[in-house]
Amino acid sequence: MNKVIQKAIEQGNGVVRLAPNWVPRSFCRPGRRLRLHPDDYFALGLERGGIDERWFSSTTPADNGPKTPENEGLSFIVTEDGKEKALLTEAVSELKGEFIGDELYAKYGRWPMFSKFFDNKGPLPHHIHHNDKYASLVGESGKPEMYFFPAQYNNYGAEFPFTFFGFNQGVTKEQVKDALTRFTKGDNKLLELSRAYKVAVDTGWDVPPGVMHAPASMCTYEPQFASDVYAMYQSVLYFDHAVPTDLLWKNCPKDKIGDFDYLIEVMDWELNLDPDFVKNRYMEPKPAGDVDEMKKQGYLDEWICYRCDAAGAKRLTVYPGQSVVLKEKVAYGLLCVQGFGKIGDAELSSPNMIRFGELTRDEYFVTAPAAAQGVKFTNLSTTEPLVVLRHFSHHPDRASVE
């Protein structure tokens, strides 16, 4: 076994520390809520674009085009002193089920999800993520994802805190195709066929593959399947931000480039026109146990992303001066978004500001054996709650909150 991985696992009793994992997007503008130092949002250079994403527990490379550097999007395990590191991917490939759980490894042969903060100053284009059928045509996996808008990272709503989903009732495929064919002629007015929803902090949405969506200018926590496939169908954003044409055909097979009927085919038409979209896709936090009993023990555990089989998330709140041991049936990654304390014997704290390239104490990965044995979370503050977001793949208890 890689000695760094072994050392990190032993130091944390199965809980490993992760380094911040920053990802730029050339077509986006940073919302500046990632707690990066103000001078560091363009640390990777203007050509690469601003940093508006931080990926968590990721074994998925970022698909940022031919100039993407090696390991962009991949999480690194670091030792307790921060002097040694190894890829999370390597730990999964070496330890397999001993790291992420036998059932999960047998099904996927890898860690099949990651989460991220997406933090854009303006709205994103109306776009789509492919399902397994269409993603497989370019050698990728489909991408279901969910959104949650943590209050701790949303001190303001930026330019457009509204998200468009799907299309209005009565919209036809011919209308959408007509808009797509006008992509290179200016604003193709695709959003005129859709509707927007005002985003509220500490709520979320389920976004299955094939659903058109134009996300709000919020800092969004996004548990998702391990894939980075997408295509942008809207040509001009608010504030006259033009979308490059190559993004219209992103993750499209070469023999389908120029085929607008194919772009329509990728859509899940039934989901896009679902008259009960809010009822079926909107999510508010739901307790993961008996509320009174949890509060007696000094904590509250809630499901925040639970409508998708492929990934999910919970929010743990440990009250001031309290501690709790949580057992889970699955491995998971986590991020501390408020307060300070300990995870086991290691420091757990939410940073106020991070310099690019520096380490933090807010992100960890809990291996399957450690999750089953139980992990102790301690809040060392006498005034402030300790708040931790935990992301995982399949969870056998997820159905209990539907």
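In this predicted model, helix H2 is followed by Lys-96, a residue with a positive phi near 50 degrees. The helix itself spans residues 88–95. Four of its residues are buried: Leu-88, Ala-91, Val-92 and Leu-95. Seen down the axis of H2, the buried residues fall within an arc of 95 degrees, so they line one face of the helix. An α-helix has 3.6 residues a turn, so residues three or four places apart point the same way.

The buried residues of H2 pack against several elements. Among the helices are H1 (3–11), H3 (97–100) and H4 (102–108). Strands E4 (76–78), E5 (85–87) and E24 (363–366) also take part in this packing.

The largest nonpolar core holds 51 residues. Within this core, Phe-117, Leu-334, Ile-343, Leu-348 and Phe-377 touch the most other members. Leu-334 was examined with its neighbours within four places in sequence left aside. Its contacts include Ile-343, Leu-348 and Phe-377. Leu-334 is also in contact with Ser-57, Asp-362, Glu-363, Tyr-364 and Val-366. Another core, of 32 residues, lies apart from the largest one. Ile-128, Val-176, Tyr-230 and Val-266 are among its members.

The largest pocket has a volume of about 440 Å³. It is lined by 21 residues. Pro-20, Asn-21, Trp-22, Phe-76 and Lys-85 are the closest of these to the pocket centre.

Key: Residues are numbered from 1 along each chain as its sequence is written. This is a predicted model: local features need pLDDT of at least 70, side-chain atom pairs count only at pLDDT 80 or more; totals for chains, interfaces and linings use all residues. Side-chain values use heavy atoms; hydrogens and water are left out. On a 1 Å grid over the protein atoms alone, a cavity is a set of points where a 1.4 Å probe fits but cannot get out, and a pocket is an open set with protein on both sides within 12 Å along at least five of seven lines; lining residues have an atom within 4 Å of a point. Grid points are joined across faces, edges and corners, and a volume is the space filled by probe spheres set on the points. A nonpolar core is a set of buried Ala, Val, Leu, Ile, Met, Phe, Trp, Tyr and Cys residues joined through side-chain atoms within 4.5 Å. Buried means under 20% relative accessible area, exposed over 50%, partly exposed in between (1.4 Å probe, protein chains only). Contact means heavy atoms within 4.5 Å. Helices (H or I, at least four residues) and strands (E, at least two) are DSSP runs, numbered from the N terminus. The arc is that of the directions from the helix axis to the C-beta atoms.
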